[in-house]
Amino acid sequence: MKDFGNNLSLQRLIDEFNDIEVNGISIYTPEGLFIGDNLALNSISEFSKSFSANYFCRFCKAHKSLTHTLCEENDSLLQTGIYSEAILNNITSFHVVKNFSVDVMHDVFEGICHYNMCHIINCYTELVKVFSLGELNFRKQNFNYGCIEIGNMSPPIETIHLKNFHLKMSAREMMTFVHYFSLIVGDLVPEDDAVWLFYLNFLEIVDTLLSTQFTQNSILLSKNNIKQHNSDYILLFQDNLKPKHHLLTHYPTIILNSGPPKHFWCLRYEAKHKEMKIYAHVITSRKNISITLAKKFQYKFINNILNNYPNECVKEMSYKICTNHNQLIQRNLGLSVDEFDCYSQVELKGTTYKVDYLVSNFTDELCLYEILQIIFIKINGDIKFIVNQVQIENYNSHLKAYQVNNINNFNDESVINVFTNMNYNNIPSSQHANNNSTDQLLITIESSIDKSNYEDNLMLKKLLTDWKLEIIYQRCLDQKIDVETLQYIQHHHVAMLLNDFPLGVMIQFEHHVKKYQNLSNNHSDITIINSKITTTNELPCTSVQPEASEKKKKEIVELVQMLLNNTQGSLIFDYFKNHNMLNESCRNLLIEIIISDLIKKDLTITIKLANYISDAIDTVFPSEIKDVYFIKDSINKSPKRKLYIRTMKQNGLIPVIHKELSQLKTNVSRAMDALNNSFEIEPDSKQHSSYLSDKDMTWTEIKDIWRKTINYRLHFLKNNNPAEIFNKWQQYTKPMGYKLIDIDFLRIHTNCNNFGMAFENSSSNFISILNLRVKDGGSKKLLEIFKKP
C-alpha cells in the first residue's frame, strides 16, 4: 500500500465485498467495521496521517489547540472531513465517516497508560516521596502475580523511561501492571490522596472498556469518568491532553454504535505476529516468503475446521487423575466410577482450566470458586468442575480489590456445570482466563451442604485444624457432627464415626474430644458477667459478681431485676425505651437505686465491684458510657465518677488525698496512663531524630525514623507546648503529616486502627454528649459548625 496506494491495493478486495453483498448468502448483521490502529485507519480512510496536524481526529473537527483541554465530547463538532475520496466508500453499504472503530490496545495500553502511570510514579517518587523508584521496582519484581500473570511481568522501570513518558512494556504487560499497581504500592499511599483517586478512576475506566456488556447507565457512567479523568489529568499534572486522551472522549459514542470495544481491538490479531515470526524463522526458502506464510495459515485453518477445534474439549492422558469425591459425584450426578474420568487440566474452547485455578460467577453477588477436580462425562462429553467456594470478606475501595480468606473458606464442595455462551454477558471473565477466548462461563451450583450451617461448619473446621485432624472434617459434615455434638459424643460413637480411619487418628480424636468436653463442663460452672433477656420486658439482665477476695460473701447483683422491682427503676426503663438514651436525672436516679440495693444486701462497694456494675449499666443501656459511672487512672489512685463517689459520700468514706502543688496542676488522662506504663526512651533516638532535617529523605525513610523515635517524641510532646512541638517535629505540618500522627496514636492506643477512624467511629457519641452537656450559646454555635459535613 505504501508503494502502490490504497486504490490499487484494495480494489480487488472491494470488488469481492460488493459481489458477496449481492450474490452471497443473507445474514442479518450491522454494518461492518474496518479495524486497526489509529494511523492505519486514518491512512486507509484518507484522514490526516499526522497526529500533530491541526485536525487529526477522524470523529470530529476539533482543532488541535482545543483538544489540549477538551475533557468531553463536543456534539457540535461531531463532523469530520477527509483529504480525498476513500476507496472504501465504493463498498455499497459502507462509508468511512460511519466507521466507528477504535483500538483499546493502542489507545489505552500503548498510549494513555504510559502518560498516566509515568505522571503518577513521578509524583510519588519525586514530589511527595511516598516511595522510591527502587522500592517500586523491588515490589513489582517480587509481587505474587500468580501462575497466569507471572508471564506478563514487565521489566524494571528506569528514570529515563519516566522522563520520556514511555515505559518499556508491551500492551499485555502494561495491562497487568496497571491492574496490579494498587496491590503493589497501595499500602504506602494515604487514603483520599488526589493522585491516587485519579488512578482509581482511570482503573475503573479501563475495567469498563474491557467489559463485554454495556447498559445505558454504564455508558453514561464511563462518559462521566472519562470527563473527570481528563479534567484531573490537566489539573494534577499541569499537562496538556494528548491525542489519545482526546480519542477517549469519543469512546461512549463508539460503544453506542459498535458495541463493546473489546470485541474489535487488535490485541488478538497482533498476538499472531509471534506465530508468524516463528514460522518465518524455520522456513529455509526466502523466495516469496509471504505466500509461504499464507499457505501455512490456510492449512492450519482447514485443520481446525476438519477437527472441530477448538470447539471440543482437549484432554491429555498425562493430566488424568484419581478422584476422592466419589460420594459427591454419585449424589449430585448419579454417575458410577466407570461413567466419568477426572483430570487436573483441560482446555475448553481455547481456555485452559487447571486444578487450583479460580472461576467467578456474578448473580446477586460475586462468588469465587477454587477448582478441586475436573470431571469429564463419557456419555455426552460434558465438563463439570468440583469446586470449593472461596470466602470473600470485603471490598477494599482504596485498593479496588476484593479481600478473600484462603484459610476460612466455606468448605462447600459443589458441582459446577460449565457451558460456553457468547450471549451470556452478565458474568465477569474468569480470573484464570488466558485471554485466548472471549467466551464466558455459565455456572449453576448444586451445593452439597446448607449455607445456614456455615458458621457451625467454620467453628468445626477451626477446632479440627487446632487438633491437626482436618482429614476427618468431611466425614464429620457427612455424619452431621458439629461442635455441639462433640460435647455429647461417646467412645462407641467415635468407633462408628471413624471405622475406616487409621487407629492413630481415632485415638487422637478421642483424646482431644475428652479434653474438649472437660473444658466445656468446667466453663459452664464459672459465673461471669452475663446478659439475659427477660420474657416479660425483653430487656437484658446483667449479672454482676465481686471477686472471691472480697470480705463479704459472693452475691450476684441482678441489675435489671433490681430496677424492675423498683417503681422508679421502671420509669428509667420507660424513658430509655422512648428516647433510646438516659438524661442526667435518670443517671442520678439509677445510681441511687443501685446504692440502696447494695446497702440492703450489706455489700461493701469496692473498686472491682464498681467496675462490674459500670459494665452492667453499659450493657443494659447501650447508649451509656462506662466512664460516666466509674473510672480509675493509674496516676491518680483515687477512683472517680458517679457510682464510686456517691457511695463513698453516702457512707462518709471519701478519702482525703494529699497532693503536692506540682501534682495539682497535672491534668490526668488515660492517654498519659498508657505513656507512663511503658515509656522507655529509645537509645540513640536523639541522633535518629536529627536525620529528619534532611529534606531529601523519602517518605518511607521518614516513617522508619519516626517509628524508631516514638517514645522520645511522645516524651517531648508531653513536656512542651504546641509551638515548640511543631518547631521540633516539622513533619507534622507536611501534607501527609496525619500519617505520622497515626503512628504516634497507635503507640498509645494499640486497639485502634488509626486516629481518623477512631474519631470517626466515636464522633457520634461525642457529639451526642456535647448536645446534652453544652449550655453556653457560643459553644453551641461552634458545635453546629462542627456538625456540618
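## Two buried tryptophans

Trp-706 and Trp-729 are both buried (under 20% relative accessible area, with exposed being over 50% and partly exposed in between, for a 1.4 Å probe and protein chains only). The model is predicted, so local features need pLDDT of at least 70 and side-chain atom pairs pLDDT 80 or more, whereas totals for chains, interfaces and linings use all residues. Residues are numbered from 1 along each chain as its sequence is written, and side-chain values use heavy atoms, without hydrogens or water.

## Aromatic pairs

Rings of Phe, Tyr and Trp (its six-membered ring) pair if their centres lie within 6.5 Å; planes under 30 degrees apart are stacked, over 60 edge-to-face, and the rest tilted. The count by this rule is 24 aromatic pairs. One of them joins Tyr-233 and Phe-237, which are edge-to-face because their centres are 5.6 Å apart and their planes stand at 75°. Both residues belong to helix α10 (residues 216-237), where a spacing of four residues separates them by about one helical turn; helices are DSSP runs of H or I with at least four residues, numbered from the N terminus. Tyr-233 is buried at 0% relative accessibility, and Phe-237 is buried at 12%.

Trp-706 and Trp-729 also pair edge-to-face, at 5.6 Å centre to centre and 75° between the planes. Trp-706 lies in helix α31 (residues 699-708) and Trp-729 in the loop between α33 (722-728) and α34 (737-748), so this pair ties together parts 23 residues apart in sequence.

## Cluster and charge over ring

Ring pairs link Trp-706, Tyr-712, Phe-716, Phe-726, Trp-729 and Tyr-732 into a cluster. The charged end of Arg-713 sits over the ring of Trp-729, 5.1 Å from its centre (CZ of Arg or NZ of Lys within 6 Å of the ring centre and within 35 degrees of the ring normal).

Conventions:
Helix = DSSP H or I, 4+ residues; strand = E, 2+ residues; numbered from the N terminus.
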